[in-house]
Amino acid sequence: MNHHPEPVVTTAQGAVRGLRRGSTLSFLNIPYAAPPSGAGRFAPPRPHEPWDGVRDATVPGPNAPQSERRLGEIDMTPYFGTGWSRGEDYLTVNVFTPATGTGELPVMVFVHGGGFVAGSTRATLYDGSAFARDGVVLVTLNYRLGIAGFLDIPGAPANRGLLDVVAALRWVRENVSAFGGDPHNVTLFGQSAGATTVGGVLATPEADGLFRRAIVQSGSGLGAFTPEQAARVTRAAALALGIEPHVDAFAGLPDERLVEAASGLAGIDLRTETHADPLIGLSTFSLVLDTQPAASVAAGRAAGVDLLVGTNTEEGNLYLVPVGKYATSTAADVDEAAARAHPDPARLVETYRASRPGASFGQLRSAVMADALFGAGSRALAGAHAAHPRSATYAYEFAWRSRALDGELGATHGVELPFVFDLADRPELNGPAALLGPDEVPADLAARVHATWIRFARTGDPGWDPYDTDRRATMRIDAEWSQVDDPRGLERQAWS
């Protein structure tokens, strides 16, 4: 890597020119796979053709086809981005690296969230400059979303978006040393749908050896649809599009129609005689697997990968507070949330009432939704992984409360991200309707969370006791940090 004002790096496919900002370098929109166009949208990712000359990597590129996402009264633009930036060559990575990289730096590869239908590397939350400043090569990636990425279509491989993530990891293995990174010290981390995808990659044999550590932020090891559930979504999508449910029919349609159809698929009842809907109706797209990632990990998959897994204290608030459903929640709403998620909803509600005396209906509803979506599946993944002594397992709970939306948003889904990326001072994240709210955040919280994630990537130890199925040691992260054993154990047991 040269150190001229405009840095140029040579990858296996060709040279790229990036940007220098102080002590960090950024390279944007570098292809890791061929453009997914036509029938290729429903095929495994293929290597990108080499290019001649030096490719400009100074401006953001296109992203996966998607609808613009809004979430009631909260501004989630820093999280989702501004929607679809068109262009076929969107299977790309952004790379942030220190200007004085040594070739032995830890590498962190981030998979964004967005319900398997939205999000991209263009979102301002995923600026990796702070990681580069602190001696990490940070890679963010785009992957196929919605129908192209995750609809289970006869004649096409399943989980194409996950296959993209594996392809990006292969690109990292082949190329990251040119950016100063150590290809043998790679941490794969993700949030929400990205975290569930990381769990899926843990269970994927083709990803063996491509990463050494993983961080699952508010994902689920129980978040995959069964093939039976996925087939319902496929039939509904084909019906909406007026086509046969086969890959050839989908391949003949433009992205615009696929995006429109994906947006209209809400409300499908995916509960079966044997399985609840792991996304409780909030998304009709997820991984599609015969075996949940947590079960694959329990059987020995990823036994040599160090794992940090955690959730936020009030995950469910994001789906209620901004859309006016939190304060108006009733006992019937709590019962309905439990019935969507659990085979014995009455016992579940009774457990939550007993463990949270004085909780409002909104608090109970949010708590049940949080565990259905993230908590139960994260604990299952942590417990499954901890059974294997070859690697370490750690757990956290992010408890700092945002005072956004009149103080109600709380320690909700996604609120840890500005701290992980050390961006909590960004103006677009602060204000009455912004993710972090109007109040000043604790002075050193972002620096400490960010440093902890880096410490785990560097050493495999975030700085507290490992998680096991006896103590279940968990670091509760707030203005003050405290290690607790088996937080809300009665609620945990209700999902076992």
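Biologist: At what angle do helix H10 and helix H12 pack, and how far apart are their axes?

Modeller: H10 (residues 331-341) packs against H12 (residues 361-386) at about 10°, and the two axes are 8 Å apart. That angle makes H10 roughly parallel to H12 (under 35 degrees is roughly parallel, over 145 roughly antiparallel, 65 to 115 roughly perpendicular, and the rest oblique). Axes are lines fitted to C-alpha atoms, for helices over the stretch in contact, with angles from 0 to 180 degrees between N-to-C directions. Helices here are DSSP runs of H or I with at least four residues, and strands are E runs of at least two, numbered from the N terminus.

This is a predicted model, where local features need pLDDT of at least 70 and side-chain atom pairs count only at pLDDT 80 or more, while totals for chains, interfaces and linings use all residues. Residues are numbered from 1 along each chain as its sequence is written, and side-chain values use heavy atoms, leaving out hydrogens and water.

Biologist: Which residues make the contact between H10 and H12?

Modeller: From H10 come Ala331, Asp333, Val334, Ala337, Ala338 and Ala341, and from H12 come Phe361, Leu364, Arg365, Val368, Met369 and Ala372, where contact means heavy atoms within 4.5 Å. By type, this contact holds 10 nonpolar residues, no polar and 2 charged (Ala, Val, Leu, Ile, Met, Phe, Trp, Tyr, Cys and Pro are nonpolar, Asp, Glu, Lys and Arg charged, and the others, Gly among them, polar).

Biologist: And how do H4 and H5 pack?

Modeller: Helix H4 (residues 160-175) meets helix H5 (residues 193-202) at about 70°, with 10 Å between the axes, which makes H4 roughly perpendicular to H5. Leu162, Val165, Val166 and Leu169 of H4 face Thr197, Gly200 and Val201 of H5 in this contact, and the residues divide into 5 nonpolar, 2 polar and no charged.

Biologist: Which residues touch the most other members of the largest nonpolar core?

Modeller: Phe211 and Phe250 do, out of 155 residues, and H12 gives the most to this core, with 11 residues. Such a core is a set of buried Ala, Val, Leu, Ile, Met, Phe, Trp, Tyr and Cys residues joined through side-chain atoms within 4.5 Å. Beyond its neighbours within four places in sequence, Phe211 is in contact with Leu169, Val186, Leu188, Val201, Leu202 and Val305.

Biologist: Switching to the backbone, what is the phi of Ala302, and where is Ala302 found?

Modeller: Ala302 has a positive phi of about 60° although it is not a glycine, and Ala302 sits in the loop between helix H9 (293-298) and strand S11 (306-312). With 11% relative accessibility, Ala302 counts as buried.

Biologist: What about Leu405?

Modeller: Leu405 also is not a glycine and has a positive phi, of about 50°. Leu405 belongs to helix H13 (residues 404-407), and Leu405 is buried, its relative accessible area being 10%.

How values were computed. Buried < 20%, exposed > 50% of the residue type's maximum accessible area, 1.4 Å probe, protein only.
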